[in-house]
Amino acid sequence: MIFGATGDLAKRKLYPSLYHLFNKGKLTKRFAVIGVARRPLSHEDFKAHVKDSVLTSIGSNDNIDEFVSHFYYQAHDVTDSDSYMALKKLADDLDGEYSIDGNRIFYLAMAPEFFGTIAEHLKSDGLTDTSGFKRLVIEKPFGHDLPSAQELNERIRTAFSEDEIYRIDHYLGKEMIQNIEVIRFANALFEPLWNNRYISNIQVTSSETLGVEERGGYYEKSGALRDMVQNHMLQMVALLAMEPPIKLTTDEIRSEKVKVLRALRSIKDEGIKDYFVRGQYGEGQIDGKSVSGYREEHNVNEESNTETYVAGKLMIDNFRWAGVPIYIRTGKRMTAKSTKIVVQFKDIPMNLYYSMDKPLAPNLLVIHIQPEEGITLHLNAKKSGQGMETTPVKLNFSNKSVDGMNTPEAYEKLLHDCMRGDATNFTHWDEVALSWSFVDKISDIWESTKDTGFPNYEAGTMGPRAADELLAKDGFFWWPVTNLDVDNC
Ligand SMILES: NC(=O)C1=CN([C@@H]2O[C@H](COP(=O)(O)OP(=O)(O)OC[C@H]3O[C@@H](n4cnc5c(N)ncnc54)[C@H](OP(=O)(O)O)[C@@H]3O)[C@@H](O)[C@H]2O)C=CC1
Ligand SMILES: O=C1O[C@H](COP(=O)(O)O)[C@@H](O)[C@H](O)[C@H]1O
């Protein structure tokens, strides 16, 4: 059951992903999808809507009619208690018709204020009273801060147990994010060096060229800290910093990620300015075109103090990472759309080659998450010819790139995981709670400081100058994300 079946997420991500799974034979024929939204559509109208979504997104129509024949629609206002009975009747009928054995997935692709209400009704009106499995897939944002996340969690837990709740973080469905574990734990080359003896710092960048588009209303209340840092950025950090799990099971991996989040140095009050920088874009140029500043965007206050950029220095106070800064940065309207992780290794004790005053380039491991996917290892080698001069060289592995951002691929993997009952790439409540309690301390201070000096970076740039100073005071600089490309060697 997809709640919010006529919405943007369902159209652009969920139907194309289900279609891919269907065509790859990963969905049996024994499935039905009930779309739920308020507008009055017939089953046939809805099938046409799904077909159109797939054709627009993928441009392919192999088996499309067979695919959409599994779709049904229920016009239903989720706040209206009476309409859940009709939904249950349709679900029970389809259960029999498709021999589904009572297995149900409820996907909440709707505004978060409805999540609690829907979960409670699913239970009180008997939709979760089923002979098979029942799973709840819940979209972000999971709360606005720790108290609201706790309240939401309590409401959904009245109907679903923790292991039936699949909290989506679409970054966890990205191919190269799933690869972090493999790069670390399947290579004798890296794991022994993956600690404070050999790594000087780690940089995680997720930059976007887009502005807030039509989402000004949501973004005004969220900002980059809640929109990107609380979830995607901290999840990447947890995967980079966790200890090897004793087994690759959901519980073991989650428990290692939780330990990282617990070890994050808690930064409070005045200290926040030494660790975090916020920014907001003003007008500027992207791809040669003039774009407006954030304060001029639709549904944005003209004196808004919402941050569209965050840079931060995270310290993980445990044995492995003591003293190694993990820098993160994310923002809208930056120079390039790019998500990259740069692991910078410590310098060797002295340069035997060439002159002592010219340091060797540091070894870097770059993990390219998007748009290109791959890894690059930056080494030093001998320059061809006579003498012992060195030159930086790059070893590249380029995964087949996905053409486009936030592609259905991540959703496809996550939907399939949920169908198989594998919650590894979804966020456990403990991770959500720890991330909020870390982020809340920053947002509390930022929201009480009105003199922000915004806008403080021009659209089309890599953020405010203070973000460079954050690294410079530790003797580092941001490795550029635009010329570290996997194909650029
Ligand atoms: N769009 C995206 O790319 C992403 C979205 N998300 C999250 O996914 C969720 C959905 O986002 P999105 O698809 O963009 O939202 P939309 O506003 O596009 O869609 C909302 C959907 O909810 C339905 N709806 C609204 N009110 C009710 C109601 N009272 N009863 C029943 N149905 C209702 C609407 O249909 P109708 O008007 O017919 O009732 C529509 O189908 C949000 O939580 C968002 O944060 C997360 C990541 C990316
Ligand atoms: O969750 C979100 O992510 C997107 C960025 O996702 P990506 O896969 O394109 O990197 C971001 O634009 C959006 O604001 C945020 O809500």
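1. For the classes used below, Ala, Val, Leu, Ile, Met, Phe, Trp, Tyr, Cys and Pro count as nonpolar, Asp, Glu, Lys and Arg as charged, and the others, Gly among them, as polar. On that basis, the lining of the largest pocket comprises 20 nonpolar, 11 polar and 16 charged residues. Please keep in mind throughout that this is a predicted model.

2. On the overall fold, the chain has 13 helices and 18 strands. Its radius of gyration is 24 Å, close to the 23 Å that the globule rule gives for 489 residues, so the chain is as compact as a globular protein of that length. The C-alpha trace spans about 80 × 50 × 45 Å along its principal axes, and buried residues account for 55% of the 489 residues in the chain.

3. The largest pocket has a volume of about 1500 Å³, and the elements that contribute two or more residues to its lining are α1 (8–23), β2 (33–37) and α8. Among these, α1 gives the most, with 5 residues. The lining of this pocket numbers 47 residues, of which Asp8, Leu9, Arg12, Arg215 and Tyr218 lie nearest the centre. Domain 1 (2–168) and domain 2 (172–419 + 428–473) each provide at least three residues of that lining.

4. The second largest pocket holds about 710 Å³ of space and is lined by 29 residues, with Phe31, Ala32, Ile100, Asn103 and Ile105 lying nearest its centre. At least two lining residues come from each of α1, β2, α4 (84–97), β4 (104–108) and α11 (408–420). By class, the lining of the second largest pocket divides into 18 nonpolar, 5 polar and 6 charged residues, and here again at least three residues are drawn from each of domain 1 (2–168) and domain 2 (172–419 + 428–473).

5. The lining of the largest cavity divides into 4 nonpolar, 6 polar and 4 charged residues.

6. Strand β7 (residues 199–207) deserves a look of its own, as 9 of its 9 residues are buried. It is joined to strand β14 (residues 338–345) by 8 bridges, and these two strands run antiparallel; within this pairing, Ser207 has Ser338 of β14 as its bridge partner. With strand β13 (residues 325–331), β7 pairs in the parallel sense over 6 bridges, and there the bridge partner of Ser206 is Thr330. In reading the side chains here, recall that in a regular strand they alternate between the two faces of the sheet.

7. Gln370 and Pro371 are joined by a cis peptide bond with omega of about 5°, and Pro371 sits in the loop between β15 (364–370) and β16 (373–382). A cis peptide bond also joins Phe454 and Pro455, with omega of about -5°, and Pro455 belongs to the loop between α12 and β18 (457–458).

8. Positive phi values are the remaining backbone matter. Most residues other than glycine have a negative phi, and most peptide bonds are trans. Asp287, however, is a residue other than glycine with a positive phi near 50°, and its place is in the loop between β10 (284–286) and β11 (289–291). Is Asp287 buried or exposed? Its relative accessibility is 73%, and because the cut-off for exposed is over 50%, Asp287 counts as exposed. Asn299, which is not a glycine either, has a positive phi of about 65° and is found in the loop between β11 and β12 (309–315).

How values were computed
Residues are numbered from 1 along each chain as its sequence is written. Chains are lettered from A and ligands numbered from 1 in the order in which they are written. This is a predicted model: local features need pLDDT of at least 70, side-chain atom pairs count only at pLDDT 80 or more; totals for chains, interfaces and linings use all residues. Side-chain values use heavy atoms; hydrogens and water are left out. Buried means under 20% relative accessible area, exposed over 50%, partly exposed in between (1.4 Å probe, protein chains only). Helices (H or I, at least four residues) and strands (E, at least two) are DSSP runs, numbered from the N terminus. Two strands pair if DSSP finds at least two bridges between them. The radius of gyration is taken over C-alpha atoms; the globule rule is 2.2 Å times the number of residues to the power 0.38. On a 1 Å grid over the protein atoms alone, a cavity is a set of points where a 1.4 Å probe fits but cannot get out, and a pocket is an open set with protein on both sides within 12 Å along at least five of seven lines; lining residues have an atom within 4 Å of a point. Grid points are joined across faces, edges and corners, and a volume is the space filled by probe spheres set on the points. Domain bounds come from an automatic or database domain assignment.
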